[in-house]
Amino acid sequence: MELSGKTAIVTGGGSGIGAALAVELASNGVSVVVGDLDEAGAHATAASVREAGGTAAALRADASDPSDIEALITLAADEFAPVDIYVANAGIIGKPGLAEESDWDVILDVNLRAHVRAARLLMPQWQSRGSGYFVSVASAAGLLTQLGAAGYAVTKHAAVGFAEWLAITYGDAGVGVSCVCPLGVETPLLQAVRSTDDPDARLGASSIEHSAGVISAADVAAVTVDAVREGRFMVLPHPELLEMYRHKGGDYDRWISGMRRYQRTLRSL
């Protein structure tokens, strides 16, 4: 995809990976609409894009609310042009352990249904014009798992599965899909689980930090935008994740046993 002159929406763009993606896209000539529940954060990201010479607008938006997704799409068309790239980045870690029924409703809405709702609005437009690009910011947890947090592990697996389905179903119509699966990234989300008193949440943070090096959000953004330009589906900001994934698929029972050992080790630290 030629990026210059395109229009993108980035959800969860007020901080972390979303903010870095907005900046990186804009530096490649993309006009960006930044959405976030944190209105001040969304506007701060848009301002930083403009200060760097890019083009951006911002809107307070809940990425899981269909009316807010529509508002982002409308703002993009009104301010710039119809949406070419949708970055489904907004996500939450959710409650630790098995959590409660209401907690599952929240994390499913944000980490999965937000992607589905955006795709339902955008795919008919993209099919009719024969182009469009959907970026799903999932997680290494979607390929492996997340110790301490069932909701996060399950919804990130689901996000990867949905991205795969989109790529297969709409690829022949000219729609591109990339699925981003980083391990540890220095973001407010990681900082939040680091500082919690909950033992399951702390286990999750330890597993992230000990599995591979913690990289910057800008690192993730750079490899993601390269993947969009090249039309690559799987984006692994931590290259070592590929070998971990191969080990899992090569012997599932051995991998589960190894993860149990890893969990015991982390709990003893």
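Which residues of α3 are buried? They are Asp-68, Ile-69, Leu-72, Ile-73, Leu-75 and Ala-76. Buried means under 20% relative accessible area, with exposed over 50% and partly exposed in between (1.4 Å probe, protein chains only).

This is a predicted model: local features need pLDDT of at least 70, side-chain atom pairs count only at pLDDT 80 or more, and totals for chains, interfaces and linings use all residues. Residues are numbered from 1 along each chain as its sequence is written, and side-chain values use heavy atoms, with hydrogens and water left out.

**Helix α3.** Helices (H or I, at least four residues) and strands (E, at least two) are DSSP runs, numbered from the N terminus. Seen down the axis of α3, the buried residues fall within an arc of 160 degrees, so they line one face of the helix. The arc is taken from the directions from the helix axis to the C-beta atoms. Their cover includes β1 (7-11), β2, β3, β4 (85-88) and α4 (101-129).

**Strands β2 and β3.** Strand β2 (residues 31-36) and strand β3 (residues 56-60) run parallel, joined by 5 bridges. Strands pair if DSSP finds at least two bridges between them. Gly-35 stands opposite Leu-59 in β3.

**Cysteines.** The structure holds 0 disulfides. A disulfide is a pair of cysteine sulfur atoms within 2.5 Å.

| Cysteine | Nearest cysteine sulfur | Distance |
|---|---|---|
| Cys-179 | Cys-181 | 3.9 Å |
| Cys-181 | Cys-179 | 3.9 Å |

Cys-179 counts as buried because its relative accessibility is 0%. Cys-181 is buried too, with a relative accessible area of 0%.

Key:
Contact means heavy atoms within 4.5 Å.
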